[in-house]
Amino acid sequence: MVTSVQASVPAVTPEASFADALRQAIARRGLALNRIRTHLADRGLQVGVATLSTWQSGRRVPREDSLATVTALEELLEVPPGWLTVRIPPPRTEPDTQPYAVVDYAETLTRLLDRLRRDAHGRSRNVTVLEEVHVDAERSARTRRVCQSVVAVQPVDRLIIAHQGEPGCDAERLALRALSGCRTGRIARSAEAGALLGELLLDRVLAVGETAVVRYEVEDRNRLPSTDYQRFSEWGGTHYVLEVQFDRAALPVRVYEIRRGHTLGPNLVHRELMLTPDGRVHTIEPSAAPGTVGIAWEWD
């Protein structure tokens, strides 16, 4: 399923800069910058008129710690979610900056990416991700099913999906399957890391600012016990919902929400969660920061 930016928004081209889009959106709503500042302050977001002025003039662009403000601006200015966010240029990095830097097996994923298509990395951003992980009676995280909406920041015709199994798993027993809005492309695996990197091919090439919704699942047939599930994000800004469904024959004794800046880093959030009577638990992050969001559990 592919959609375009709504026709009711300001008439700017997909290639328009953040400053041009913001300026036209403000003009369309007829709001003065001090009014915008007040509206944002009412939402607990402190941003000065001078900062808003530099954003719309193009002298500066929002940083990653301003994503919540940009999201609030999209709502205030009545443009679709992601319409401004997608136009924020990526931060300047060194040419050899490694993809997947928020995970401990980044080097492995980068090698797998080179076996697929390196230039496909980073061409889209997640807008929303709804993920459901099923843990079976053998305490194994057997399947994860995902509904994911993305917006193109460069022309893109595929998504790259990463997954790592439990320590000691057989990577050949990990499978990626497209369900709707895409089809499964090439798969690369690492036996050492127990990891998979796969392509989901879109229906067509998305232009900058266009969106797509895909559904897919990852199956792990290793039947190894699991004690946590974490999803990583390199860029942040995603509305993320994670639900874990446990088999009622094998329920954990404690469950926690965890958030980290890196898979090997300390817990930035470690909060106990409550299971529902039918063995489900979830966490919601309206605008995930770069790093990981997940759920961990104890069996005994």
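Colleague: In the hairpin of β2 and β3, which residue takes a positive phi?

Modeller: Please keep in mind that this is a predicted model. In this hairpin, where five residues stand between the two strands, the residue with a positive phi is R139, at a value near 70 degrees. R139 is not a glycine, and its place is in the loop between β2 (124-135) and β3 (141-152).

Colleague: Is R139 buried or exposed, or does it fall in between?

Modeller: One reads this from relative accessibility, where buried means under 20% and exposed means over 50%. R139 has 30% relative accessibility, and therefore counts as partly exposed.

Colleague: How should I read the pairing of β2 and β3?

Modeller: In general, the strands of a sheet pair through backbone hydrogen bonds, in either a parallel or an antiparallel sense. Here, β2 and β3 are antiparallel and share 11 bridges. As one example, R125 has V151 of β3 as its bridge partner.

Colleague: Which strand does β3 join through nine bridges?

Modeller: That strand is β8, and the two run antiparallel. Within this pairing, R144 is opposite V218 of β8.

Colleague: What is the order of the strands in the open sheet of three?

Modeller: The order is β4-β7-β6, and the pairing is antiparallel. An edge strand pairs on one side only; in this sheet the edge strands are β4 (156-164) and β6 (182-190). From one strand to the next, the twist averages 20 degrees.

Colleague: How many bridges link β6 and β7?

Modeller: There are seven, with β6 and β7 (residues 195-206) in the antiparallel sense. One of these pairs may be named: A188 has L197 in β7 as its bridge partner.

Colleague: Which helix lies across β4, β6 and β7?

Modeller: Helix α5, residues 106-116, lies across these three strands, and its direction is at about 130 degrees to β6.

Colleague: At what angle do the axes of α2 and α3 cross?

Modeller: To read a pair of helices, one considers the distance between axes, the angle and the handedness. The axes of α2 (residues 33-42) and α3 (residues 49-57) come within 9 Å and cross at roughly 115 degrees. The crossing is right-handed. Helix α2 contributes L33, N34, I36, R37 and L40 to the contact, while α3 contributes V49, L52, S53 and Q56. By class, five of the contact residues are nonpolar, three polar and one charged.

Colleague: Which residues have the most contacts inside the largest nonpolar core?

Modeller: They are V135, V244, I295 and W297, in a core of 36 residues. Let us follow one of them. If neighbours within four places in sequence are left aside, V244 is in contact with V133, V135, G279, R280, V281, I295 and W297. Another core, of 23 residues, lies apart from the largest one and includes F18, A25, V47 and V79.

Key
Residues are numbered from 1 along each chain as its sequence is written. This is a predicted model: local features need pLDDT of at least 70, side-chain atom pairs count only at pLDDT 80 or more; totals for chains, interfaces and linings use all residues. Side-chain values use heavy atoms; hydrogens and water are left out. Axes are lines fitted to C-alpha atoms, for helices over the stretch in contact, and angles run from 0 to 180 degrees between N-to-C directions. Helices (H or I, at least four residues) and strands (E, at least two) are DSSP runs, numbered from the N terminus. A crossing is left-handed if the near helix is turned anticlockwise from the far one by less than a right angle, and right-handed if clockwise. Contact means heavy atoms within 4.5 Å. Ala, Val, Leu, Ile, Met, Phe, Trp, Tyr, Cys and Pro count as nonpolar, Asp, Glu, Lys and Arg as charged, and the others, Gly among them, as polar. A nonpolar core is a set of buried Ala, Val, Leu, Ile, Met, Phe, Trp, Tyr and Cys residues joined through side-chain atoms within 4.5 Å. Buried means under 20% relative accessible area, exposed over 50%, partly exposed in between (1.4 Å probe, protein chains only). Two strands pair if DSSP finds at least two bridges between them.
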